[in-house]
Amino acid sequence: MSAEAAPATPVTALPAQRGASTTSASTGSALSGSASTGSAPALVRLAVPVLPALLGLALGLWGIRREDSLWRDEAVTWQVGQRSVAEIWDMVGQVDIVHGLYYVLMHGVFELFGTGPAVLRMPSVLAVAAAAAATAAAGRRLAGPWAGLAAGLALALIPNIQHYAQEGRAYALVTAGTAMATQLLVSASHASSRTSATARRRRLHWAGYVAIMLITALLNWFSLFALPAHAVTVLIARRRGERSLLAPWSVSAAVVLAGALPLIQASRAQSDQVSWIKPVAVSTLLGIAVLLLVALVCARVPYPGRGRAPLSPASVGLPLLAVPQCGLLLTSVVVEPVYLDRYVLYTNIGFALLLGVGIAAAVQALPFRTWALLAGVTALAFVALLPVETGLREPKSRADDVLRAADRVAAAAHTGDGVVFIPAARRDTALVTPSAFTGLDDLALAEDPAASATIKGVESSAEHIRTAMLAKSRIIVVTDTRRAAPPAPVREAEKLRVLDQHFQRTDRTDSVGRRIEVYEKTR
């Protein structure tokens, strides 16, 4: 991918910097974001998405087991994914319906490949690789191959993306879906501007857009904030003279919204699941502001064809970065706090598209081989981020570690001991590693999670829990290192009351967010 290999397709070349006076008019047309990329060598067209995908894959596979750790959200995926489809269906009728499709997907993965930390996280690894490829492909259409390649590599290196590339939840898949839908939107604009593009080809673009956006919405309907971002992009294109996008996009968006509406309505009945989310912190707002500032600077960078194409990196990237963020922040202020960065992880695509233009302009402005400079910048960014990247692959990078807690229980418990989980959600330790709890009596459990179609099971009344605890001389307690005080549910308060009045703690072990305590009866 040297500069000599693709003389007609540099990403950004200022006349004073790169001798643009020697570039012919036909070459300038080939460099336009809206022009056909058929003149670019096939190897370059292939390398632009493939290299970022390979980087994303390599980073995702690096330390994928995270020292055989598993945190609480992944533990839910682990245990729910191993239920039957019928059991998953029954459960999402009561709780977690927003993740229902993802649980079914993971059920299929577990059926085919078995369970384990690597299997649990592999779909997310592959999703980030796909997102990097789609981002690179969109960047190539918008600003040329070097900008596309830089955008894809940048996305793969973003720490937040790497974090969720190694997590057994749906957020990386949502990012991949949004990236592919955005790439299809860009391709649809490209096809609309070409008289040779057949109506069938344009219909295929829009059908693909609908299918991917709908699946993405069913994985997590907060991804629908990408639709108003795409609406802004389409309206900007219309203002620039591209009127063929508005009608098909509007129909496509309506179909996606109609398809996702039942999920949205059903999830409203389960809104208490996000009641734990806190108001947005000032540091979060500052972080968003910095990203927007960097993106705005990059949006001003010249690139081939700037001003001629109906779509540009700025018209695609800025709305995708800003609109979902602002939409979720506004919802958090007006309705209830729901802002979490993982809910809008896909906005990194917009940031990467603009950053790619800035990086490509910088490396092309210097009198060296572009491919060597871009490789050097990528390596330098990797080294600079290495402390963060290494930390992301350690168990302590997450709130807790369910598997380590289970090991501590196995080491501390005696056959016949009772076990109590405070709060009840910490029962995930036993659900993920039941072998560590062999011979122990769950003193609060009345109905197990699968039978009760719940995540944590159904516990007995406070009176029953008290009686069961008092019948034991030794109890193992699984809780958090930072225990909420006082626990809100009556059952949780009763567990603590019995321990305080009738038991004495004889041992305590803390391990990555979880605490294992041993209590022995005093009277």
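Contact here means heavy atoms within 4.5 Å of each other. The model is predicted, and local features need pLDDT of at least 70, side-chain atom pairs count only at pLDDT 80 or more, and totals for chains, interfaces and linings use all residues. Residues are numbered from 1 along each chain as its sequence is written, and side-chain values use heavy atoms, with hydrogens and water left out.

**Figure 1. Overview of the protein.** Among contacts between residues at least 6 apart in sequence, 78% join residues at least 24 apart. The protein has 23 helices and seven strands; these are DSSP runs numbered from the N terminus, helices being H or I of at least four residues and strands E of at least two. Of the 523 residues, 54% are buried (under 20% relative accessible area, with exposed over 50% and partly exposed in between; 1.4 Å probe, protein chains only).

**Figure 2. The five-stranded open sheet.** The strand order is β2-β1-β5-β7-β6, with mixed pairing; two strands pair if DSSP finds at least two bridges between them. At the edges are β2 (441-442) and β6 (503-511), each of which pairs on one side only. Helix α19 (residues 402-412) lies across β5, β6 and β7 and runs at about 25° to β7. For such angles, axes are lines fitted to C-alpha atoms, for helices over the stretch in contact, and the angle is taken between N-to-C directions from 0 to 180 degrees.

**Figure 3. Strand β5 and its two partners.** β5 (residues 474-480) runs antiparallel to β7 (residues 514-521), and seven bridges join the two. Val478 has Ile516 of β7 as its bridge partner, while Val477 is partnered by Glu517 in β7. With β1 (residues 418-422), β5 pairs in the parallel sense over five bridges. Ile422 has its bridge partner in β5, namely Thr479. Seven of the seven residues of β5 are buried, so the strand is described as mostly covered.

Figure 4. Ile422 is joined to Pro423 by a cis peptide bond, with omega near -5°. Pro423 belongs to the loop between β1 and α20 (428-432). Ile422 is also the residue bridged to Thr479 of β5.

**Figure 5. Packing of helices α11 and α13.** The axes of α11 (residues 199-219) and α13 (residues 246-268) come within 9 Å and cross at roughly 25°. The two helices are therefore roughly parallel to each other (under 35 degrees; over 145 is roughly antiparallel, 65 to 115 roughly perpendicular, the rest oblique). The crossing of α11 past α13 is right-handed, that is, the near helix is turned clockwise from the far one by less than a right angle, anticlockwise being left-handed. From α11, the residues in the contact are Trp206, Tyr209, Val210, Met213, Leu214, Ala217 and Leu218; from α13, they are Pro248, Trp249, Ser252, Val255, Val256, Gly259, Ala260 and Leu263. By class the contact has 13 nonpolar, two polar and no charged residues. Nonpolar covers Ala, Val, Leu, Ile, Met, Phe, Trp, Tyr, Cys and Pro; charged covers Asp, Glu, Lys and Arg; the others, Gly among them, are polar.

**Figure 6. Positive phi in two loops.** Arg66 is not a glycine, yet its phi is positive at about 50°. Arg66 sits in the loop between α3 (42-61) and α4 (72-81) and is buried, with a relative accessible area of 1%. Asp96, also a residue other than glycine, has a positive phi near 65°. The loop that holds Asp96 lies between α5 (85-92) and α6 (100-113). Asp96 has 7% relative accessibility and so counts as buried.
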